[in-house]
Amino acid sequence: MADDFTGACDLADAVSEAGGSAVVVVGRPTVPPPASDCVVVALKSRTAPRDQAVAESLAAARWLLDAGCTTLYQKYCSTFDSTDAGNIGPVADALVDLIGDAVAVGTPATPRVGRTVYQGHLFVGRRLLSESPLRDHPLTPMRDPDLVRVLSRQAEGEVALVDQTTVAAGPAAVTAAVEAARCNGARHVIVDALADRDLDTLAIALLAMPNGVLAGGAAGLAAALARTSGTATRTSTAGACRSGVIIPARTVPVVPEGRQLILSGSCSERTREQVDEFPGPRVTLSPVDLDIGFAETVDAVAAAVAGAYRNTSGPVLVTSSSGPEHVARHESRLGPGRAAALLEAATAQIANHAVDTLGVRCLLVAGGETSGAVVRALKLGTLRVGPTAGPGLPWMVSEGSPTLALLLKSGNFGEPDLFTTAWRHCP
(Lines give C-alpha, C1' and ligand atoms only; values in the text may rest on other atoms or scores of the structure.)
Protein backbone atom coordinates (compact mmCIF):
# COMPACT_ATOMS: atom_id res chain seq x y z
CA MET A 1 0.00 0.00 0.00
CA ALA A 2 1.74 3.17 -1.24
CA ASP A 3 0.75 6.54 0.19
CA ASP A 4 1.22 8.38 -3.10
CA PHE A 5 1.49 7.66 -6.81
CA THR A 6 5.14 8.59 -7.35
CA GLY A 7 6.15 6.33 -4.47
CA ALA A 8 4.09 3.47 -5.89
CA CYS A 9 5.93 3.72 -9.22
CA ASP A 10 9.30 4.05 -7.47
CA LEU A 11 8.64 0.84 -5.53
CA ALA A 12 7.47 -1.04 -8.63
CA ASP A 13 10.61 0.08 -10.46
CA ALA A 14 12.85 -1.06 -7.60
CA VAL A 15 11.23 -4.51 -7.46
CA SER A 16 11.50 -4.88 -11.25
CA GLU A 17 15.15 -3.89 -11.12
CA ALA A 18 15.69 -6.56 -8.46
CA GLY A 19 14.27 -9.23 -10.75
CA GLY A 20 10.61 -9.45 -9.77
CA SER A 21 7.56 -8.47 -11.76
CA ALA A 22 5.52 -5.55 -10.47
CA VAL A 23 2.31 -3.77 -11.37
CA VAL A 24 0.66 -0.64 -9.96
CA VAL A 25 -3.09 -0.59 -9.36
CA VAL A 26 -4.56 2.90 -9.07
CA GLY A 27 -6.77 3.72 -6.10
CA ARG A 28 -8.97 1.46 -3.99
CA PRO A 29 -9.25 -1.68 -6.14
CA THR A 30 -12.51 -3.54 -6.72
CA VAL A 31 -11.52 -6.34 -9.12
CA PRO A 32 -9.03 -9.20 -8.62
CA PRO A 33 -5.38 -8.11 -8.99
CA PRO A 34 -3.31 -8.79 -12.10
CA ALA A 35 -0.95 -11.75 -11.90
CA SER A 36 2.36 -10.42 -10.63
CA ASP A 37 5.01 -11.02 -8.00
CA CYS A 38 4.36 -7.58 -6.55
CA VAL A 39 1.09 -5.67 -6.63
CA VAL A 40 1.32 -2.05 -5.50
CA VAL A 41 -1.88 -0.22 -4.63
CA ALA A 42 -1.31 3.48 -5.30
CA LEU A 43 -3.26 5.65 -2.86
CA LYS A 44 -3.36 9.41 -2.42
CA SER A 45 -3.22 9.11 1.36
CA ARG A 46 -0.02 10.89 2.39
CA THR A 47 -1.76 14.21 2.99
CA ALA A 48 -5.36 12.98 3.20
CA PRO A 49 -7.34 13.36 6.44
CA ARG A 50 -6.17 10.71 8.87
CA ASP A 51 -9.43 8.71 8.95
CA GLN A 52 -9.53 8.62 5.15
CA ALA A 53 -5.90 7.51 4.92
CA VAL A 54 -6.52 4.70 7.41
CA ALA A 55 -9.73 3.55 5.72
CA GLU A 56 -8.19 3.45 2.24
CA SER A 57 -5.08 1.65 3.46
CA LEU A 58 -7.13 -0.97 5.31
CA ALA A 59 -9.32 -1.55 2.26
CA ALA A 60 -6.25 -2.05 0.09
CA ALA A 61 -4.67 -4.38 2.65
CA ARG A 62 -7.78 -6.55 2.89
CA TRP A 63 -7.95 -6.75 -0.91
CA LEU A 64 -4.33 -7.87 -1.08
CA LEU A 65 -4.79 -10.45 1.66
CA ASP A 66 -7.91 -11.81 -0.03
CA ALA A 67 -5.84 -12.19 -3.22
CA GLY A 68 -3.24 -14.32 -1.41
CA CYS A 69 -0.71 -11.69 -0.40
CA THR A 70 2.01 -13.28 1.73
CA THR A 71 3.54 -10.11 3.16
CA LEU A 72 1.97 -6.68 3.51
CA TYR A 73 4.25 -3.70 2.87
CA GLN A 74 3.44 -0.14 3.93
CA LYS A 75 5.18 2.13 1.43
CA TYR A 76 6.01 5.64 2.62
CA CYS A 77 8.43 8.26 1.35
CA SER A 78 12.20 7.90 1.72
CA THR A 79 12.06 11.26 3.53
CA PHE A 80 9.33 10.01 5.91
CA ASP A 81 7.03 12.81 4.75
CA SER A 82 4.22 13.27 7.26
CA THR A 83 3.05 15.59 9.99
CA ASP A 84 2.85 15.10 13.76
CA ALA A 85 -0.76 13.98 13.22
CA GLY A 86 0.22 11.28 10.70
CA ASN A 87 -0.31 9.59 8.42
CA ILE A 88 2.49 7.02 8.68
CA GLY A 89 1.85 6.15 12.32
CA PRO A 90 -1.96 5.90 12.25
CA VAL A 91 -1.90 3.76 9.09
CA ALA A 92 0.75 1.47 10.59
CA ASP A 93 -1.29 1.14 13.80
CA ALA A 94 -4.37 0.12 11.82
CA LEU A 95 -2.46 -2.42 9.73
CA VAL A 96 -0.80 -3.90 12.82
CA ASP A 97 -4.25 -4.37 14.34
CA LEU A 98 -5.51 -5.94 11.10
CA ILE A 99 -2.69 -8.50 11.08
CA GLY A 100 -3.16 -9.16 14.80
CA ASP A 101 -0.51 -9.36 17.51
CA ALA A 102 1.92 -7.73 15.11
CA VAL A 103 4.78 -5.27 15.10
CA ALA A 104 5.61 -2.79 12.32
CA VAL A 105 9.26 -3.02 11.24
CA GLY A 106 10.85 -0.81 8.61
CA THR A 107 13.10 1.94 7.42
CA PRO A 108 12.83 4.72 4.83
CA ALA A 109 16.50 4.25 3.91
CA THR A 110 17.09 4.06 0.15
CA PRO A 111 20.84 4.46 -0.39
CA ARG A 112 20.60 4.59 -4.20
CA VAL A 113 18.95 8.03 -3.88
CA GLY A 114 21.03 9.17 -0.89
CA ARG A 115 18.57 8.38 1.93
CA THR A 116 20.17 6.68 4.93
CA VAL A 117 19.28 6.14 8.59
CA TYR A 118 21.86 6.16 11.38
CA GLN A 119 21.03 6.02 15.10
CA GLY A 120 17.44 6.55 14.07
CA HIS A 121 18.23 9.83 12.29
CA LEU A 122 17.36 10.28 8.62
CA PHE A 123 19.98 11.74 6.30
CA VAL A 124 19.50 13.19 2.81
CA GLY A 125 22.93 12.84 1.26
CA ARG A 126 25.37 14.18 3.85
CA ARG A 127 22.78 16.34 5.58
CA LEU A 128 20.31 15.58 8.30
CA LEU A 129 16.76 15.69 6.98
CA SER A 130 16.14 18.83 9.03
CA GLU A 131 19.01 20.62 7.26
CA SER A 132 17.92 19.63 3.75
CA PRO A 133 15.55 21.56 1.45
CA LEU A 134 12.82 19.13 2.52
CA ARG A 135 12.51 20.98 5.81
CA ASP A 136 10.38 23.52 3.92
CA HIS A 137 8.01 21.15 2.10
CA PRO A 138 4.74 23.12 1.75
CA LEU A 139 2.51 20.24 2.93
CA THR A 140 4.76 18.06 5.08
CA PRO A 141 7.69 20.12 6.38
CA MET A 142 10.23 17.75 7.96
CA ARG A 143 12.19 19.59 10.64
CA ASP A 144 12.94 16.69 12.98
CA PRO A 145 15.38 14.02 11.69
CA ASP A 146 14.87 11.68 14.67
CA LEU A 147 12.46 9.08 13.26
CA VAL A 148 11.80 7.42 16.61
CA ARG A 149 10.73 10.78 17.98
CA VAL A 150 8.66 11.65 14.88
CA LEU A 151 6.85 8.32 14.84
CA SER A 152 6.27 8.41 18.60
CA ARG A 153 4.30 11.63 18.19
CA GLN A 154 1.85 10.08 15.72
CA ALA A 155 1.65 6.36 16.58
CA GLU A 156 0.20 4.34 19.42
CA GLY A 157 2.54 2.33 21.64
CA GLU A 158 6.29 2.34 21.98
CA VAL A 159 8.70 2.93 19.09
CA ALA A 160 12.02 1.07 19.28
CA LEU A 161 15.27 1.33 17.32
CA VAL A 162 17.45 -1.43 15.89
CA ASP A 163 20.75 0.36 15.46
CA GLN A 164 23.60 -0.03 12.99
CA THR A 165 25.69 -2.17 15.32
CA THR A 166 22.90 -4.74 15.54
CA VAL A 167 22.29 -4.69 11.77
CA ALA A 168 26.01 -5.25 11.15
CA ALA A 169 25.82 -8.37 13.33
CA GLY A 170 23.50 -10.04 10.80
CA PRO A 171 19.90 -11.19 10.29
CA ALA A 172 19.72 -13.31 13.43
CA ALA A 173 20.74 -10.33 15.55
CA VAL A 174 18.09 -8.18 13.87
CA THR A 175 15.41 -10.83 14.45
CA ALA A 176 16.40 -11.12 18.12
CA ALA A 177 16.32 -7.34 18.55
CA VAL A 178 12.87 -7.05 16.97
CA GLU A 179 11.50 -9.86 19.14
CA ALA A 180 13.02 -8.26 22.25
CA ALA A 181 11.39 -4.95 21.33
CA ARG A 182 8.05 -6.70 20.79
CA CYS A 183 8.30 -8.41 24.18
CA ASN A 184 9.03 -5.03 25.78
CA GLY A 185 5.80 -3.62 24.36
CA ALA A 186 6.98 -1.94 21.14
CA ARG A 187 4.48 -1.78 18.27
CA HIS A 188 6.88 -0.06 15.87
CA VAL A 189 10.57 -0.64 15.13
CA ILE A 190 12.79 1.69 13.09
CA VAL A 191 15.93 0.10 11.65
CA ASP A 192 19.22 1.79 10.74
CA ALA A 193 20.57 1.27 7.21
CA LEU A 194 23.55 2.90 5.53
CA ALA A 195 23.91 0.68 2.46
CA ASP A 196 22.01 -1.88 0.42
CA ARG A 197 23.71 -4.69 2.35
CA ASP A 198 22.02 -3.40 5.51
CA LEU A 199 18.66 -3.51 3.76
CA ASP A 200 19.40 -7.06 2.59
CA THR A 201 20.16 -8.04 6.18
CA LEU A 202 16.84 -6.59 7.31
CA ALA A 203 14.99 -8.26 4.43
CA ILE A 204 16.41 -11.70 5.30
CA ALA A 205 15.38 -11.16 8.90
CA LEU A 206 11.86 -10.08 7.93
CA LEU A 207 11.32 -13.03 5.61
CA ALA A 208 12.44 -15.42 8.35
CA MET A 209 10.20 -13.95 11.03
CA PRO A 210 6.96 -15.66 11.95
CA ASN A 211 3.60 -14.11 11.14
CA GLY A 212 2.82 -10.90 12.93
CA VAL A 213 5.17 -8.49 11.16
CA LEU A 214 4.18 -5.52 9.03
CA ALA A 215 7.04 -4.54 6.73
CA GLY A 216 7.34 -0.88 5.86
CA GLY A 217 9.57 1.69 4.29
CA ALA A 218 10.55 3.21 0.99
CA ALA A 219 11.59 1.54 -2.26
CA GLY A 220 14.96 0.47 -0.84
CA LEU A 221 13.66 -2.18 1.55
CA ALA A 222 11.12 -3.40 -1.01
CA ALA A 223 13.94 -4.00 -3.49
CA ALA A 224 15.90 -5.87 -0.81
CA LEU A 225 12.91 -8.10 -0.11
CA ALA A 226 12.72 -8.88 -3.84
CA ARG A 227 16.46 -9.58 -4.03
CA THR A 228 16.53 -11.89 -1.03
CA SER A 229 13.27 -13.77 -1.48
CA GLY A 230 14.85 -16.43 -3.68
CA THR A 231 12.67 -16.50 -6.77
CA ALA A 232 10.35 -13.98 -8.37
CA THR A 233 7.33 -16.20 -7.78
CA ARG A 234 7.86 -15.91 -4.03
CA THR A 235 8.70 -12.21 -3.85
CA SER A 236 6.69 -10.70 -1.01
CA THR A 237 6.81 -6.91 -1.06
CA ALA A 238 3.69 -4.86 -1.66
CA GLY A 239 1.67 -7.98 -2.39
CA ALA A 240 2.83 -11.35 -3.68
CA CYS A 241 -0.21 -12.96 -5.25
CA ARG A 242 -0.31 -16.73 -5.57
CA SER A 243 -1.50 -16.77 -9.15
CA GLY A 244 1.06 -19.25 -10.47
CA VAL A 245 1.71 -16.92 -13.40
CA ILE A 246 5.01 -15.13 -13.91
CA ILE A 247 4.89 -11.81 -15.76
CA PRO A 248 8.36 -10.86 -17.00
CA ALA A 249 9.67 -7.63 -15.52
CA ARG A 250 9.28 -4.54 -17.73
CA THR A 251 7.10 -6.23 -20.34
CA VAL A 252 4.84 -3.36 -21.37
CA PRO A 253 2.51 -2.46 -24.23
CA VAL A 254 3.77 -0.26 -27.04
CA VAL A 255 2.72 3.38 -26.65
CA PRO A 256 1.33 4.95 -29.84
CA GLU A 257 3.15 8.00 -31.11
CA GLY A 258 1.81 11.25 -29.76
CA ARG A 259 2.72 14.55 -28.21
CA GLN A 260 4.70 15.00 -25.01
CA LEU A 261 3.64 17.12 -22.03
CA ILE A 262 5.32 18.03 -18.75
CA LEU A 263 3.12 18.99 -15.79
CA SER A 264 5.20 20.35 -12.92
CA GLY A 265 3.50 20.99 -9.59
CA SER A 266 6.29 20.13 -7.18
CA CYS A 267 7.91 23.03 -5.36
CA SER A 268 11.03 21.10 -4.38
CA GLU A 269 14.45 22.59 -5.02
CA ARG A 270 15.36 19.89 -7.55
CA THR A 271 12.14 20.28 -9.56
CA ARG A 272 12.66 24.03 -9.70
CA GLU A 273 16.13 23.38 -11.11
CA GLN A 274 14.58 21.10 -13.73
CA VAL A 275 12.05 23.77 -14.66
CA ASP A 276 14.82 26.37 -14.98
CA GLU A 277 16.92 24.09 -17.20
CA PHE A 278 14.11 23.14 -19.57
CA PRO A 279 14.80 24.87 -22.91
CA GLY A 280 11.41 24.28 -24.55
CA PRO A 281 8.16 26.24 -24.45
CA ARG A 282 6.56 26.70 -21.06
CA VAL A 283 3.24 27.94 -19.74
CA THR A 284 2.84 29.17 -16.15
CA LEU A 285 -0.13 28.20 -14.02
CA SER A 286 -0.91 30.59 -11.15
CA PRO A 287 -3.09 29.77 -8.13
CA VAL A 288 -4.01 33.45 -7.80
CA ASP A 289 -5.34 33.52 -11.37
CA LEU A 290 -7.24 30.30 -10.68
CA ASP A 291 -8.80 31.81 -7.57
CA ILE A 292 -9.97 34.83 -9.56
CA GLY A 293 -11.31 32.82 -12.49
CA PHE A 294 -10.77 29.07 -12.48
CA ALA A 295 -12.42 28.08 -15.76
CA GLU A 296 -11.05 31.06 -17.66
CA THR A 297 -7.51 30.39 -16.45
CA VAL A 298 -7.65 26.69 -17.31
CA ASP A 299 -8.97 27.53 -20.80
CA ALA A 300 -6.22 30.09 -21.31
CA VAL A 301 -3.48 27.64 -20.27
CA ALA A 302 -4.94 24.90 -22.50
CA ALA A 303 -5.02 27.32 -25.43
CA ALA A 304 -1.42 28.36 -24.77
CA VAL A 305 -0.35 24.70 -24.75
CA ALA A 306 -2.13 24.10 -28.05
CA GLY A 307 -0.41 27.16 -29.50
CA ALA A 308 2.99 25.97 -28.32
CA TYR A 309 2.54 22.62 -30.11
CA ARG A 310 2.10 24.48 -33.39
CA ASN A 311 5.69 25.67 -33.03
CA THR A 312 7.45 22.62 -31.60
CA SER A 313 7.59 18.86 -32.07
CA GLY A 314 9.01 18.37 -28.58
CA PRO A 315 7.56 18.54 -25.07
CA VAL A 316 5.70 21.54 -23.67
CA LEU A 317 5.96 22.42 -19.97
CA VAL A 318 3.07 23.61 -17.79
CA THR A 319 4.47 24.67 -14.42
CA SER A 320 3.17 25.93 -11.11
CA SER A 321 6.44 25.16 -9.29
CA SER A 322 7.65 28.00 -7.10
CA GLY A 323 9.96 28.68 -4.18
CA PRO A 324 9.08 28.69 -0.46
CA GLU A 325 8.55 32.44 -0.36
CA HIS A 326 5.96 32.32 -3.15
CA VAL A 327 4.24 29.32 -1.58
CA ALA A 328 3.99 31.18 1.74
CA ARG A 329 2.61 34.26 -0.03
CA HIS A 330 -0.05 32.19 -1.80
CA GLU A 331 -1.02 30.46 1.46
CA SER A 332 -1.34 33.82 3.17
CA ARG A 333 -3.47 35.29 0.41
CA LEU A 334 -5.68 32.29 -0.41
CA GLY A 335 -5.79 30.41 2.88
CA PRO A 336 -4.21 27.13 4.01
CA GLY A 337 -4.32 24.42 1.36
CA ARG A 338 -6.39 26.37 -1.17
CA ALA A 339 -3.53 27.09 -3.57
CA ALA A 340 -2.57 23.40 -3.68
CA ALA A 341 -6.19 22.32 -4.21
CA LEU A 342 -6.71 24.81 -7.04
CA LEU A 343 -3.48 23.79 -8.77
CA GLU A 344 -4.20 20.06 -8.50
CA ALA A 345 -7.71 20.47 -9.91
CA ALA A 346 -6.52 22.70 -12.76
CA THR A 347 -3.59 20.45 -13.66
CA ALA A 348 -5.92 17.47 -13.78
CA GLN A 349 -8.25 19.26 -16.20
CA ILE A 350 -5.33 20.36 -18.37
CA ALA A 351 -4.05 16.78 -18.53
CA ASN A 352 -7.47 15.50 -19.58
CA HIS A 353 -7.75 18.13 -22.29
CA ALA A 354 -4.24 17.41 -23.55
CA VAL A 355 -4.95 13.68 -23.91
CA ASP A 356 -8.48 13.98 -25.31
CA THR A 357 -8.00 16.96 -27.63
CA LEU A 358 -4.30 17.58 -28.32
CA GLY A 359 -3.15 14.00 -28.85
CA VAL A 360 -0.73 13.86 -25.90
CA ARG A 361 0.37 10.28 -25.21
CA CYS A 362 3.46 10.77 -23.03
CA LEU A 363 3.26 12.74 -19.79
CA LEU A 364 5.97 13.59 -17.27
CA VAL A 365 4.37 14.73 -14.02
CA ALA A 366 6.46 16.24 -11.21
CA GLY A 367 5.18 16.00 -7.65
CA GLY A 368 3.31 13.35 -5.69
CA GLU A 369 0.09 15.31 -5.15
CA THR A 370 0.08 16.51 -8.75
CA SER A 371 0.67 12.97 -10.02
CA GLY A 372 -2.23 11.66 -7.96
CA ALA A 373 -4.57 14.32 -9.31
CA VAL A 374 -3.54 13.66 -12.92
CA VAL A 375 -3.75 9.86 -12.76
CA ARG A 376 -7.18 9.96 -11.13
CA ALA A 377 -8.46 12.52 -13.64
CA LEU A 378 -7.33 10.31 -16.51
CA LYS A 379 -9.19 7.37 -14.90
CA LEU A 380 -6.24 5.03 -15.22
CA GLY A 381 -6.53 1.60 -13.64
CA THR A 382 -3.39 -0.50 -14.04
CA LEU A 383 0.16 0.66 -14.80
CA ARG A 384 2.98 -1.58 -16.00
CA VAL A 385 6.64 -0.80 -15.32
CA GLY A 386 8.52 0.36 -18.41
CA PRO A 387 12.06 1.63 -19.05
CA THR A 388 13.67 3.82 -16.42
CA ALA A 389 14.96 7.35 -16.88
CA GLY A 390 17.03 7.16 -13.68
CA PRO A 391 16.87 5.85 -10.10
CA GLY A 392 13.26 5.90 -8.98
CA LEU A 393 12.11 7.29 -12.34
CA PRO A 394 10.34 4.55 -14.29
CA TRP A 395 8.13 5.19 -17.26
CA MET A 396 4.80 3.51 -16.54
CA VAL A 397 2.43 2.34 -19.27
CA SER A 398 -1.33 2.35 -18.72
CA GLU A 399 -3.64 -0.41 -19.83
CA GLY A 400 -6.75 0.48 -21.79
CA SER A 401 -7.44 3.06 -24.44
CA PRO A 402 -5.74 5.31 -25.11
CA THR A 403 -2.49 3.73 -23.96
CA LEU A 404 -0.38 6.35 -22.21
CA ALA A 405 3.21 6.51 -20.99
CA LEU A 406 3.66 8.36 -17.69
CA LEU A 407 6.70 9.28 -15.69
CA LEU A 408 5.43 10.23 -12.23
CA LYS A 409 8.33 11.98 -10.57
CA SER A 410 8.87 12.54 -6.88
CA GLY A 411 9.82 16.18 -6.39
CA ASN A 412 13.44 15.68 -5.42
CA PHE A 413 14.27 12.91 -7.91
CA GLY A 414 16.12 13.22 -11.19
CA GLU A 415 19.04 15.14 -12.62
CA PRO A 416 18.60 18.85 -13.42
CA ASP A 417 18.21 18.10 -17.15
CA LEU A 418 15.55 15.40 -16.64
CA PHE A 419 12.80 17.34 -18.43
CA THR A 420 14.95 17.18 -21.56
CA THR A 421 16.54 13.73 -21.27
CA ALA A 422 13.65 11.62 -19.93
CA TRP A 423 12.07 11.28 -23.39
CA ARG A 424 15.02 9.22 -24.66
CA HIS A 425 13.75 6.37 -22.47
CA CYS A 426 10.03 6.75 -23.19
CA PRO A 427 8.58 3.38 -24.31
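Strand β15 (residues 382-388) is largely enclosed by the rest of the structure, because 5 of its 7 residues are buried (under 20% relative accessible area with a 1.4 Å probe, protein chains only; exposed means over 50%, partly exposed in between). Strands (E, at least two residues) and helices (H or I, at least four) are DSSP runs, numbered from the N terminus.

The model is predicted: local features need pLDDT of at least 70 and side-chain atom pairs count only at pLDDT 80 or more, while totals for chains, interfaces and linings use all residues. Residues are numbered from 1 along each chain as its sequence is written, and side-chain values use heavy atoms, with hydrogens and water left out.

## Strand pairing

Two strands pair if DSSP finds at least two bridges between them. β15 pairs in the antiparallel sense with strand β1 (residues 22-26) over 3 bridges, and Val 23 stands opposite Arg 384 of β15.

With strand β16 (residues 394-398), β15 forms 4 bridges, also in the antiparallel sense; Leu 383 has Ser 398 in β16 as its bridge partner.

## Nonpolar cores

A nonpolar core is a set of buried Ala, Val, Leu, Ile, Met, Phe, Trp, Tyr and Cys residues joined through side-chain atoms within 4.5 Å. The largest has 92 residues, and Phe 80 and Leu 261 have the most contacts inside it. Helix α13 (residues 338-357) gives the most to this core, with 8 residues. A second, separate core of 23 residues includes Ala 60, Leu 72, Ala 92 and Ala 94.
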